[in-house]
Each structure stands twice: as C-alpha cells, then as structure tokens.
Amino acid sequence: MIVQYLPLLAASLRRKRLRTFFTIASIVVAFLLFGLAQAMRSALESGVEVAGADRLVTMHKVSFTQLLPASYGSRIRGVDGVVAVAPQTWFGAWFSDPRNQIPAFPTEPETFLKIYPEYVIPAAQRSAWVADRTGIMIGRAVADSFGWKPGDRVPLKSEIWRHKDGSDTWEVTVRAVFDLPAGGDTRNILLHQDYFEESKAFAKGLIGWYVVKVRSAEEAPAVARRIDALFANSPAETKTSSERAMAQSFVNQIGNVGAILNAIVSAVFFTMLLVTANTMAQSVRERTSEIGVLKTLGFGDGAVLGLVLAESLLITVIGGVLGMAGAWWMSVKLEPLLSQYLPGFRVPQVAVLTATAFMLLLGLVAGAAPALQAMRLKIVEALRRE
Amino acid sequence: MAEPDAAIVRIRDLVKDYRRGAEVVRGLDGLSIDIARGDFVALMGPSGSGKSTLLNLIGGLDRPTSGSLEVDGLRVDALGGAALARWRADHVGFIFQMYNLLPVLTAQANVELPLLLKDLSREQRAQRVAAALKLVGLENRAKHRPRELSGGQEQRVGIARAIVTDPTLLLCDEPTGDLDRKSGDEILELLQALNREYGKTIIMVTHDPHAAERAHRVIHLDKGMLRDEAA
C-alpha cells in the first residue's frame with residue numbers, strides 16, 4: 001500500500017531540489033558526526049566492555065598513582081572469596097621515541113594468566129614467558145605496530161622507573177604475543193614482577209595496585225568491602241572496585257567522554273530537528289492548494305497526515321542512512337591509522353540501532369506539526385489559496 | 001437501482017452560513033433543487049450568488065449549516081470526515097478552473113492519483129489511466145508534466161483525472177474560465193460527450209452564457225436562492 005505512494009513522495013522531494021539537497025546534506029553530516037562519535041566512544045570504552053565482572057582492583061584510596069605495600073598481596077589472598085591476586089604497576093613505557101607510549105605493567109605471569117583466561121597465547125610462548133624473568137608478553141597491536149616477534153631483544157624505556165644501574169632502559173626479550181576476543185585492548189606489555197622488583201632503583205617493596213579474582217561475580221561487592229575493611233585506618237588505606245569501574249575511571253581521566261559526546265550529538269540533533277521541521281513546514285505551506293486537491297480527490301485526513309510524515313521520514317532516513325554509511329566507511333579507513341591510540345575504532349552495532357531510532361524519531365517529530373497542519377486544512381480554504 | 005431519470009441529487013432547504021469575523025454571511029438560503037441522473041446542469045449567477053458554495057456542498061467539500069443533501073440516495077450531509085473522503089473518492093470527479101494538477105507529476109501520474117486510494121494493482125491502474133488519457137485525446141502526452149502542456153491540454157488531464165474512477169457525478173467549477181474560446185469549446189464538447197455517451201451527470205458552475213448553452217438545464221442563483229431555471 002505504501003509503495004504506491006513512493007512516486008508521489010519522491011516527486012514532493014524533487015519539488016525544491018536545492019532545499020531538499022541541503023536539508024538531507026545537513027542530516028548526513030549530523031549522522032556522520034554521530035557515527036564517528038560513537039566509534040570513538042566505543043574505542044575509548046573497549047577496555048571497559050571486556051573488563052571481567054568477577055575481577056576486582058584494589059588500589060590506594062587516594063589515587064592509583066599512590067603505591068601500596070607489597071605485603072598487602074598475601075593479606076588480600078587470605079580474604080574469603082578471593083581466588084587469586086596479581087600485583088600490577090604503571091611502568092610508563094615508551095620505545096624509540098617518547099611519543100610511542102605503551103601501557104606496560106609488571107605482574108606475576110602465572111597468576112596473571114590464571115586471572116585472565118581470555119588471553120589467547122600459543123602454549124610454547126606462554127611457557128617461554130613464564131620461564132624468562134626478563135621476558136615480556138606483548139599484545140597483538142604492539143607486535144603489529146613495532147614489528148616485534150618472539151625472540152626479539154627490546155630496549156624498553158620507562159619515564160618513571162630507573163634501573164638500579166641508573167639507566168632508564170630496560171633490556172627485555174619478547175617471549176609471547178597475545179590476542180584477545182573482539183573489542184579487547186592488545187596495546188599492552190606485561191613484564192615480570194620479580195625482575196622489576198629486583199632491578200628498580202627505588203620504591204622497593206611497593207606496587208601500584210592488585211588485580212583480584214573472586215569466586216563469583218555475585219560475591220564481588222562483599223569481597224571488595226572485606227578487602228577495604230582489612231586495611232582501614234592503616235597508612236595506606238585501599239579502595240577496591242570492579243575492574244569495569246576502574247577501566248571507566250581511566251576513560252574518565254580525559255573527562256566524561258560519554259557526556260561530552262552526548263552533549264555534542266544532542267545539540268546537533270536538536271538543530272537538525274529545527275532544520276527538518278522548517279523544511280517540512282515550508283513545503284506544506286507551499287503546497288496548501290495541492291493538499292486541498294488531494295483531499296478533494298478523496299485522500300482522507302489520515303492519508304494526508306501519513307503522506308507528510310512519510311515525506312519527513314524519507315528525508316531523515318535518506319540523510320541518516322547516508323551519514324551512517326559514511327561514518328562506517330570512514331571508521332573502516334581510519335581504524336588501521338588509529339590502531340595504536342584508539343584500537344577498536346569502529347561504528348558499533350548498537351550505534352546503528354540507535355541511529356535508526358534517531359532517524360525515525362527525528363522524522364516523526366519534525367514532521368508532526370506540518371502534518372497536523374496539513375491534516376486540519378479545510379478543503380475549501382486550501383483550494384482558495386492559489 | 002435508481003430509475004434512469006430519477007433525481008440523483010436531492011437538495012432540500014439547504015442553508016450555508018459563513019463567519020467573517022463577527023459577522024455571519026449567508027451563502028445559501030434554503031435552497032431546494034433536484035438534479036436528474038444523466039443530466040447536464042449549468043449553475044449561473046453573479047459572484048457571491050452561492051453557485052460555487054452549492055457545488056462544494058454537493059461534492060462533500062464543505063458541510064451545510066442546515067437542510068439535507070442526498071446524492072444517489074445517500075445523505076451526504078450526514079457523513080463523517082473519513083466516510084465523506086471515501087465517498088468523494090468513489091462517487092465524485094472534480095474539474096477545476098485552474099486545472100489544479102500537481103506540477104511535479106507527469107500527466108499520467110496526475111491521472112493516477114485518485115486510483116492510489118483504490119485496491120488496484122499497478123497494471124490495473126496503468127490500464128485505467130491509459131484509457132482515461134485516450135478518452136481525452138492525450139494518450140501521447142502521458143509522460144509530459146503540466147508545464148509542458150497547453151492550458152487546454154492541462155484541463156483535459158484534469159478531466160481524465162476526474163473520470164478515471166468512473167464517478168457518479170462530475171462537478172466542474174468554471175472549467176473553461178481560464179481558456180481561450182477554441183480550447184474552451186473543445187473542453188465543453190468533451191464534457192458533452194461524457195454526458196451523452198457515458199451518461200455522466202454533470203454539474204457545471206459557469207459565468208459564461210456560451211458555456212451554459214451546452215447544458216441541458218441552466219439554474220440561476222442569486223443571493224443564495226434559486227432565481228429561475230431554464231431547460
């Protein structure tokens with residue numbers, strides 16, 4: 001039934017080609033921006049998305065930059081509900097050029113791999129990393145970025161930690177390359193905690209934070225409370241939260257990205273609403289006598305309402321689909337270029353669904369007032385307005 | 001089935017008031033008329049005499065203030081909005097002075113418009129459109145847009161659009177008012193042919209006595225009342 005009206009709708013859009021073009025173009029830009037913003041958000045939050053619900057992070061109550069005593073590890077291990085505990089410290093690594101920053105963390109390999117079973121590593125490489133105190137495990141993105149492979153000797157630099165010989169260079173050997181399920185961040189390097197502790201020039205016996213695996217996700221809040229209670233009123237009180245919350249707090253270091261993107265996108269869509277509504281209102285005003293003719297021919301109030309709404313929807317859907325297709329295309333092209341800084345820079349599926357809802361909502365809201373105006377037009381008055 | 005010469009339009013004590021600001025203006029003042037099936041009636045009268053108002057009421061474009069209006073046995077004045085729209089689509093063909101074609105559509109698409117409301121396949125619609133355009137002699141102008149046609153041709157497209165649904169009534173509001181004499185005569189001949197050969201009941205508003213001569217019956221209105229009529 002709708003299909004037979006399509007030529008009529010298409011003809012209406014052709015009436016003022018330039019105006020239709022500019023309206024659709026502005027909607028294309030709005031949805032392009034929306035799609036790219038969602039791709040960026042997805043990239044920034046990729047770590048948050050893959051964070052395990054049964055993993056906790058215990059850090060200094062003041063900030064994660066404050067260190068905790070290494071002795072806390074064994075005490076946390078003794079808390080009811082805790083399965084495994086691995087220490088981690090921000091290493092502040094870079095390679096070749098200080099701009100080549102790489103997230104790197106010393107940890108206990110065997111415990112770490114027990115806590116993170118989703119890491120995909122060939123068995124031989126896994127054993128090689130665990131066995132070599134100066135060995136490192138690198139993510140696929142790091143390997144691809146620098147062309148490193150198992151066996152390569154790498155002079156890693158640290159902007160924080162000095163070697164006990166006074167140098168800022170840490171000679172390490174690549175022993176394993178890990179992959180992660182889709183959306184996982186593979187820009188990381190993992191070093192041996194023993195080697196790090198033994199070789200660092202200062203802050204002996206201190207570590208950055210602890211990753212804690214709990215028996216079940218349901219127990220996590222209670223376990224977190226028990227850990228923090230253990231160190232209450234000590235010189236280094238702790239704050240234990242879910243890994244997801246910690247990942248989110250990292251993202252929030254650069255501001256509440258989600259809120260900023262939402263604010264921008266909301267402003268853009270509100271402007272689009274006004275632009276589209278204005279286009280539709282003008283279009284209906286110019287066609288008053290034609291709407292009178294349609295009603296004379298037997299088009300009922302509902303049909304006229306539907307035609308104007310359909311026209312508005314057609315504009316927003318054409319613009320929206322083109323905009324989202326453009327965003328998808330750009331994200332595909334940009335992803336390899338941004339892989340080091342924004343891995344997973346892709347338009348997520350949920351953004352496509354949200355965009356579809358926005359297209360429909362925008363079309364309906366923008367077309368509502370003109371459609372009602374057209375519906376209420378009295379035939380005799382409409383025909384009089386030539 | 002109604003008798004061939006029975007009244008297809010039966011109007012009784014029809015009143016139409018308009019509001020202009022605080023003032024109430026009477027457009028039709030207790031009019032009673034019968035129009036027979038298959039008749040060709042011209043409505044004449046000075047401006048403001050109520051002839052277009054009467055045409056709009058008969059076509060269900062407007063509602064009377066009081067009185068009754070029956071078309072083919074149905075009280076049109078009692079129909080609700082949606083039912084009235086369906087009734088117009090099924091029973092009335094309108095022909096306007098300014099043709100009122102949609103400029104962005106081809107002649108073919110303009111004629112097809114009323115058929116979009118019918119439960120017809122694309123092929124069925126195309127067949128009916130082709131037949132209507134052939135009847136008005138414009139089968140070779142189907143793909144032309146209104147601006148590519150002469151005034152007379154535009155009015156022929158308007159007539160094709162009016163007859164494509166095979167309506168009960170053809171209502172014409174000054175159909176030759178915007179045409180030169182030659183084109184006007186061609187349009188009037190076409191209307192006469194539709195009345196004579198296809199039995200269409202035609203009610204035509206006109207100022208032009210020459211056009212009114214083509215009708216079987218001329219009704220003169222003045223100040224919303226029947227002044228006189230002639231066969």
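Q: Two strands pair if DSSP finds at least two bridges between them. Which residue stands opposite Lys213(A) in S12(A)?

A: Start with the labels. Helices (H or I, at least four residues) and strands (E, at least two) are DSSP runs, numbered from the N terminus. This is a predicted model, where local features need pLDDT of at least 70 and side-chain atom pairs count only at pLDDT 80 or more, while totals for chains, interfaces and linings use all residues. Residues are numbered from 1 along each chain as its sequence is written, with chains lettered from A and ligands numbered from 1 in the order in which they are written. Now the case. Arg55(A) is the residue opposite Lys213(A) in S12(A). Strand S1 (residues 55-60) of chain A runs antiparallel to strand S12 (residues 209-214) of chain A. Four bridges join them.

Q: Which other strand does S1(A) bridge to, and how many bridges join them?

A: Strand S13 (residues 238-242) of chain A, through five bridges. This pair also runs antiparallel. Met59(A) has Lys239(A) as its bridge partner in S13(A).

Q: Is S1(A) enclosed or open to the outside?

A: Count C-beta atoms, placed from the backbone. A residue is buried if 20 or more others lie within 10 Å of its own, exposed if 12 or fewer, and partly exposed in between. Five of the six residues of S1(A) are buried, so the strand is largely enclosed by the rest of the structure. For a contrast in class, take Asp194(A) in helix H8 (residues 193-199) of chain A. Asp194(A) is partly exposed, because 13 other C-beta atoms lie within 10 Å. Asp194(A) also sits 8.1 Å from Thr107(A), C-alpha to C-alpha, though the two are 87 residues apart in sequence.

Q: How do I read an open sheet, and what is the strand order of the one in chain A with mixed pairing?

A: Begin with side chains. In a regular strand they alternate between the two faces of the sheet. Then read the order: S5-S4-S8-S9-S7-S10-S6 in chain A, seven strands. Strand S5 (97-102) and strand S6 (104-107) of chain A each have a single partner strand, so one side of each lacks a neighbour in the sheet. Inside the sheet, two bridges join strand S4 (residues 93-95) to strand S8 (residues 153-158), both of chain A, and they run antiparallel. Ala93(A) stands opposite Ser158(A) there.

Q: Which helix lies across S7(A) and S9(A), and at what angle to S9(A) does it run?

A: Axes are lines fitted to C-alpha atoms, for helices over the stretch in contact, with angles from 0 to 180 degrees between N-to-C directions. Helix H6 (residues 123-131) of chain A lies across strand S7 (135-139) and strand S9 (169-178). H6(A) runs at about 155° to S9(A).

Q: Which strands stand at the edges of the open sheet in chain B?

A: The order is S2-S1-S4-S5, with antiparallel pairing. Strand S2 (23-36) and strand S5 (74-75) stand at the edges. Strand S4 (residues 66-71) of chain B pairs with S5(B) over two bridges. Glu70(B) stands opposite Arg75(B). Chain B as a whole has seven helices and ten strands.

Q: What should I look for in a core, and how many residues has the largest nonpolar one?

A: In soluble globular proteins, nonpolar side chains tend to be buried together. A nonpolar core is a set of buried Ala, Val, Leu, Ile, Met, Phe, Trp, Tyr and Cys residues joined through C-beta atoms within 7 Å. The largest has 113 residues, and those with the most contacts inside it are Leu43(B), Ala160(B) and Ile203(B). Helix H2 (residues 17-44) of chain A gives the most to this core, with twelve residues. Another core, of 46 residues, lies apart from it, with Val85(A) and Ile227(A) among them.

Q: What does Leu43(B) touch, beyond its neighbours within four places in sequence?

A: Two residues are in contact if their C-beta atoms, placed from the backbone, lie within 7 Å. The partners of Leu43(B) include Lys51(B), Leu54(B) and Leu55(B). Just after H1(B), Gly60(B) takes a positive phi of about 70°.

Q: How many residues does each chain give to the contact between A and B?

A: Chain A gives 20 and chain B gives 20. H12(A) gives the most to chain A's side, with six residues.

Q: How confident is the predictor about chain B?

A: pLDDT is its confidence in each residue, from 0 to 100. Where it is low, the predicted coordinates should not be read in detail. Chain B averages 89, and 97% of the residues score at least 70. The model scores ipTM 0.89 and pTM 0.68.
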